[in-house]
Structures are given as structure tokens and as C-alpha cells.
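Subject: Structure for you to look over

Hello,

Here is the structure I promised to hand over. Please open it alongside this email; my notes follow below.

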Amino acid sequence: LAGKHQRGGMRATFLAVSLLVSISGCGSEPIPVSDVPAGRPNLVESAEILAVRAPGWSAWELIEHLRPQFLQSRGVTSFRNATPVTAMVYLDDVVYGDIETLKQLPAELIFRIEFINSADATTRFGINHVGGAILIKAR
């Protein structure tokens, strides 16, 4: 008899908690789900760019809005050089410059943006890509 009483108490507790959760969720905003496409967090396609781009934005502002992790420093990689490492920027497979050059590139020119990690960037472009690379395809 004690076992049945305990199960009944657990069931009542579960129902009370379920009711409380459902009531507390009423009238509140849904929890936002990330807009980053599943399986391709390192890629920004043209449809996504067109959906959020504002007039006058630079590539920096566009990336900051869509994938701020692309702009983050990868930290200090050497005791000799305390400068944080960031990604190199490529425009149509040609070196465009360091990450600060994104501030001069108009977002209207961008068709696609991809971030590649340091290993892939070093394999593809050679040394000095510890921070990875941001590959931009123009319209």
C-alpha cells in the first residue's frame, strides 16, 4: 500500500509541475531559436544577407549582425607577440587584408561569406592564418 501511495504522490507532483510550467509560459514571448542554419554555421548565403542587410552597412556590420563569432579574436598565440589573432579577409579568393578592412567594404557588394578555421586557412593560403580566414564572394 505504501508503494501505491508514493506513486500517487509522484504523479500529483508531476501534474502540479506540468501545470505550473504551462501557466508560466502563457503570455510570454517564445524563446528565440538561433537563425543560424543547422549544419552550416560558418556560411552566410545571399538570401540571409538580403534579409537583414540595411542601407549603408559595411561588411563588418553585416557579419557582426549575422555571425559575430567570425569577428572574435582567437586569442594570443605567442609569448613574443601579445597581439590577439584575428581572421584574414579574402575577397573573391584574393587577400583583401586584416579583419579591420571589413569596415571599408560595403555590404551591398557581398553575395556570400564563409569562415574557415586556421587549419583549413593555412592549408589553402599558407602560413599566417592562425586566426582563420573570412572568404567573401562579391556580387
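Leu91 stands opposite Val94 of strand S3. That pairing belongs to S2 and S3, which run antiparallel and share four bridges. Bear in mind that this is a predicted model.

The sheet

S2 and S3 are part of an open five-strand sheet, ordered S1-S4-S5-S2-S3 and mixed in its pairing. The edges are S1 and S3; each has a single partner strand, so one side of each lacks a neighbour in the sheet.

At the S1 end, S1 (residues 43-44) and S4 (residues 110-116) are antiparallel and joined by two bridges. Val44 faces Ile113 of S4 there. S4 also pairs with S5 (residues 133-138), again in the antiparallel sense, over six bridges. Ile110 has Ala138 in S5 as its bridge partner.

Helices on the sheet

Helix H3 (residues 59-66) lies across S1, S4 and S5. Its direction is at about 60° to S4. H4 packs on the sheet too, and touches S2, S4 and S5. The angle between H4 and S4 is about 110°.

Aromatic rings

There are two aromatic pairs in the structure. One of them is Tyr90 with Phe125. Their ring centres are 3.8 Å apart and their planes meet at 15°; planes under 30 degrees apart count as stacked, so this pair is stacked. It links distant parts of the chain: Tyr90 is in S2 (residues 88-91), Phe125 is in H4 (residues 118-125), and 35 residues separate them.

Are the two residues buried or exposed? Tyr90 is buried, at 4% relative accessible area. Phe125 is partly exposed, at 24%.

One more ring to check: Lys103 lies over the face of Trp60, 4.6 Å from the ring centre.

Asp92 is in the loop between S2 and S3 (94-98). Its relative accessible area is 38%, so Asp92 is partly exposed. Which residues does Asp92 contact, leaving aside neighbours within four places in sequence? They are Ile136, Lys137 and Ala138. Ala138 is also the bridge partner of Ile110.

Best wishes

Technical notes. Residues numbered from 1 in each chain as written. Predicted model: local features only at pLDDT ≥ 70, side-chain atom pairs only at ≥ 80, totals over all residues. Heavy atoms only, no water. Pairing = 2+ DSSP bridges. Phe/Tyr/Trp six-rings, centres within 6.5 Å; stacked < 30°, edge-to-face > 60°. Buried < 20%, exposed > 50% of the residue type's maximum accessible area, 1.4 Å probe, protein only. Lys NZ or Arg CZ within 6 Å of the ring centre and 35° of its normal. Contact = heavy atoms within 4.5 Å. Axes fitted to C-alpha atoms, helices over the stretch in contact; angles between N-to-C directions.
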